[in-house]
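Hi,

Here is the structure I said I would pass on. Have a look at it, and then read on for what I found.

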Amino acid sequence: RRQSHRGTVWSTYRWGCKLERSGFEGYWTEEPLKFDNAYFKDMLSKEYASETTAKGCPQHRNAATGTIMLISDLALLSDPAFKGHVERYAADQSAYFADFSEAWVKLQENGCSDLRDSLWHPRLFFSPDVVTGPRL
């Protein structure tokens with residue numbers, strides 16, 4: 001059973017662009033359900049050809065894999081400051097994970113300090129056997 005994941009950046013990355021929703025079509029990586037730095041590696045190593053979707057939206061596609069990049073993705077390579085981040089994340093997945101985690105917490109807390117530590121604890125929502133289960 002598929003759950004609705006509309007409205008999040010991560011869901012778009014995982015489930016890809018849907019022509020009927022955004023006008024774009026495709027996945028950014030060959031393994032869209034895997035969270036890693038493949039997006040950055042692919043951006044630097046693959047060639048993308050310009051195309052227009054059936055909805056008239058411009059995008060770029062790799063002929064060998066079918067993966068896509070949008071104009072906004074490839075724009076990261078045209079600015080030296082942003083390209084430096086792309087190169088760093090492509091070379092060092094741990095650096096990407098660290099920066100992503102920090103940004104994600106900031107986004108989720110939205111100005112609330114110590115939200116993780118003071119307001120939420122898994123025992124408030126799950127039974128003890130779930131809390132002590134395997135870490136994902």
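**Starting from Gln59**

Leaving out residues up to four places away in sequence, Gln59 touches Phe24, Glu25, Ala49, Ser50, Glu51, Thr53, Ile68, Met69 and Leu70. Do keep in mind that this is a predicted model. Gln59 sits in strand β2. Is it buried or exposed? Gln59 has a relative accessible area of 1%, so it counts as buried.

**The chain overall**

Stepping back, the protein chain has eight helices and three strands. Reading from the N terminus, the order of elements is α-α-α-β-β-β-α-α-α-α-α. The chain has 136 residues, of which 26% count as buried. If you take the contacts with a separation of 6 or more, 42% of them come from residues 24 or more positions apart.

**Two loop residues**

Ala54 is in the loop between β1 (49-52) and β2 (58-61). Its relative accessibility is 76%, and therefore Ala54 counts as exposed. Along the chain Ala54 is 29 residues from Glu25, and the C-alpha atoms of this pair are 9.0 Å apart.

Pro32 belongs to another stretch, the loop between α2 (19-22) and α3. Pro32 counts as buried because its relative accessibility is 17%, and the cut-off for buried is under 20%. Its C-alpha atom is separated by 9.8 Å from that of Thr67, which is 35 residues away along the chain.

Which residues of α5 are buried? They are Val86, Tyr89 and Ala90. These residues lie on the same side of α5, because they cover an arc of only 105° around the axis. As a reminder, an α-helix has 3.6 residues a turn, so residues three or four places apart point the same way. On the face turned away from that buried side, α5 carries the exposed residues Pro80, Ala81 and Ala91.

What do the buried residues of α5 pack against? The partners are α3 and α6 (93-109), and I'll take them one by one.

**α5 with α3**

Helix α3 (residues 38-45) packs with helix α5 (residues 80-91) at an angle of about 115°, and their axes are 8 Å apart. The crossing of α3 past α5 is left-handed. On the α3 side the contact involves Phe40, Lys41, Met43 and Leu44, and these meet Val86, Glu87, Tyr89 and Ala90 in α5. Sorted by class, this contact has six nonpolar, no polar and two charged residues. Val86, Tyr89 and Ala90, the buried residues of α5, are all among the residues of α5 that meet α3.

**α5 with α6**

For α5 and α6 the packing angle is about 115°, with the axes 5 Å apart. Here Arg88, Tyr89 and Ala91 in α5 meet Gln93, Ala95, Tyr96 and Asp99 in α6. By class, that contact has four nonpolar, one polar and two charged residues. Tyr89 is listed in the contact with α3 and also in the contact with α6. Ala91, which is one of the exposed residues on the other face, meets α6 too.

On the α6 side, let me pick out Asp99, which has its place in that helix. With a relative accessibility of 28%, Asp99 counts as partly exposed. Which residues is Asp99 in contact with, leaving aside its neighbours within four places in sequence? Those are Arg88 and Tyr89. From Asp99 to Tyr89 it is ten residues in sequence and 9.3 Å in space, C-alpha to C-alpha.

Cheers

Definitions and conventions:
Residues numbered from 1 in each chain as written. Predicted model: local features only at pLDDT ≥ 70, side-chain atom pairs only at ≥ 80, totals over all residues. Heavy atoms only, no water. Axes fitted to C-alpha atoms, helices over the stretch in contact; angles between N-to-C directions. Helix = DSSP H or I, 4+ residues; strand = E, 2+ residues; numbered from the N terminus. Left-handed = near helix turned anticlockwise from the far one by under 90°. Contact = heavy atoms within 4.5 Å. Nonpolar A, V, L, I, M, F, W, Y, C, P; charged D, E, K, R; others polar. Buried < 20%, exposed > 50% of the residue type's maximum accessible area, 1.4 Å probe, protein only. Arc of directions from axis to C-beta.
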